[in-house]
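I wanted to go through one chain with its coordinates open and write down what I looked up. The entries below keep the order in which I looked.

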Amino acid sequence: TLKCLVNVGVNLDVLYKREDITLTFEDLEIVGIHPTEKATGEFAEKSFRRDINRLGGCKNVKALLMDQGRDITKGAKIVQEEEKGLKILHHISHKLSLVLKKDLKEDALWEKYTKCLTKTKQLVQQTELAGLQPPKQRSKARFMNISLYIDWFTRIQKSKEDGNLKHIPEERFNEYFGWMSHFKFFYEIVQQKVGITEIIKDTARRGGYSRDMYKHLIELFGLMSLDKSVHSFLCKALNAVNEEVKKLDERERLPATTEILESLFGSHKNHSACGGHGITGNVLTLGALVGKRLTSEGIRKTMEDTPVQSMLGWVSDNVGDTLSKLRNRFFRNLVKGQNLPDSNAEV
């Protein structure tokens, strides 16, 4: 039943020493790890306050950068009501995915396109042509990775033109992929829209939010020859950027993306042994994945400064009963390999 809010800090003084501020694990520092059974705005607010105080108060915290999740946004706004100087910025990829989602949801051809992708996947996935199947469409955050569905269209077309698919009978190719010829113009328009979002994300990733970045984007897109039907989408995408940029001071520059957090959580899952067991004490391994690489002496000092009992106490207070503990409690009277009696199974 546990969820976990992880707050990560970035030292801006270190970041500003380089032109490209694309975030890496070495730029991050774990500020707070907060397991909870009820992820509410009030919980997020208390977590933010606790971690801001740990950093010395709002005088040391320029902004909170997050996705547009309801709970954490609510918590951040409660904090901002008392700390007027604290800025709340939103992850550029989430903002643009919402713009793209609204735009394509209003286009009937998009629904037909995704249905054709699904049908083709079903037809080829159990055949020798399974390597050509479209990527699986995500049920959540689909528009965060929409370029996957567009790139697949490009790859099939190019492979056909290069003669890599000539061994497939034309009749069979048309059965699986013939529908693509009806979507060429639609594909070109969507490709431009996706290209716009990727250019904005890449620019924001490397340069962060700033008024100069926003001006640069306007000049950049002004030099491109885009289809007239894309201009409206471009304006909405730039407006989404401007919503964040106008929160900044005149010469201020702040990070614009939390993509590195997704990488951090993915690395944690790969490194820890908690797969399938929910949140356990292994969540503390997040701290070992970020920051500057420690020397042998640094590792020794860290281990001496952090007693095992201190770590176990934190796990007991914040994580409580894990799935493994509950499982052991439920089956503690069973000998390994022993089957449950009928009466116990019924209970």
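**Entry 1, ground rules.** I am working from a predicted model, in which local features need pLDDT of at least 70 and side-chain atom pairs count only at pLDDT 80 or more, while totals for chains, interfaces and linings use all residues. I number residues from 1 along each chain as its sequence is written, and side-chain values use heavy atoms, with hydrogens and water left out.

I found 16 helices and four strands in the chain, taking helices (H or I, at least four residues) and strands (E, at least two) as DSSP runs numbered from the N terminus. The C-alpha trace spans about 70 × 65 × 40 Å along its principal axes. Of the 347 residues, 38% are buried, where buried means under 20% relative accessible area, exposed over 50%, and partly exposed in between (1.4 Å probe, protein chains only). Among contacts with a separation of 6 or more, 73% come from residues 24 or more positions apart; a contact is heavy atoms within 4.5 Å.

After α6 comes G163, with a positive phi near 85°.

I counted 13 aromatic pairs in the structure, using rings of Phe, Tyr and Trp (its six-membered ring) with centres within 6.5 Å, where planes under 30 degrees apart count as stacked, over 60 as edge-to-face and the rest as tilted. W152 and F177 make a tilted pair, at 6.3 Å centre to centre and 40° between the planes. Because W152 lies in helix α6 and F177 in helix α7, this pair ties together parts 25 residues apart in sequence. W152 is buried at 7% relative accessibility, and F177 is buried at 2%. F153 and W179 form an edge-to-face pair, 6.5 Å centre to centre with 70° between the planes; F153 is in helix α6 and W179 in the loop between α7 and α8, 26 residues apart. F153 is buried with a relative accessible area of 0%, and W179 counts as buried at 13%. One aromatic cluster takes in several residues, including W110, W152, F153, F177 and W179.

Which residues does L117 contact, leaving aside neighbours within four places in sequence? I found P134, Q137, Y149, W152 and W179. L117 sits in helix α5 and is buried, with a relative accessible area of 2%.

I counted 25 salt bridges, each defined as a side-chain nitrogen of Lys or Arg within 4 Å of a carboxyl oxygen of Asp or Glu. K87 and E252 meet in one of them at 3.4 Å, N to O, joining strand β4 (residues 87–90) to the loop between α10 (231–245) and α11 (259–271) across 165 residues. K87 is buried at 11% relative accessible area, and E252 is buried at 8%. K193 bridges to D103, with the closest N and O atoms 2.6 Å apart; this links helix α8 with helix α4 (residues 92–105), 90 residues apart, and both K193 and D103 are buried. E297 and R300 have their closest N and O atoms 2.3 Å apart and, being three residues apart in helix α13, are separated by about one helical turn. E297 is partly exposed at 46%, and R300 is partly exposed at 38%. Salt bridges with shared partners join K62, K87, D249 and E252 into one network.

L294, I299 and M303 form a nonpolar surface patch with about 320 Å² of accessible area together. Patches take residues with over 30% relative accessible area and no salt bridge, joining like charges within 9 Å and nonpolar side chains (Val, Leu, Ile, Met, Phe, Trp, Tyr) within 5 Å; accessible areas come from the Shrake-Rupley method with a 1.4 Å probe, and for residues only the protein chains shown count as cover. M303 lies in helix α13 (residues 296–305) and is exposed, at 61% relative accessible area.
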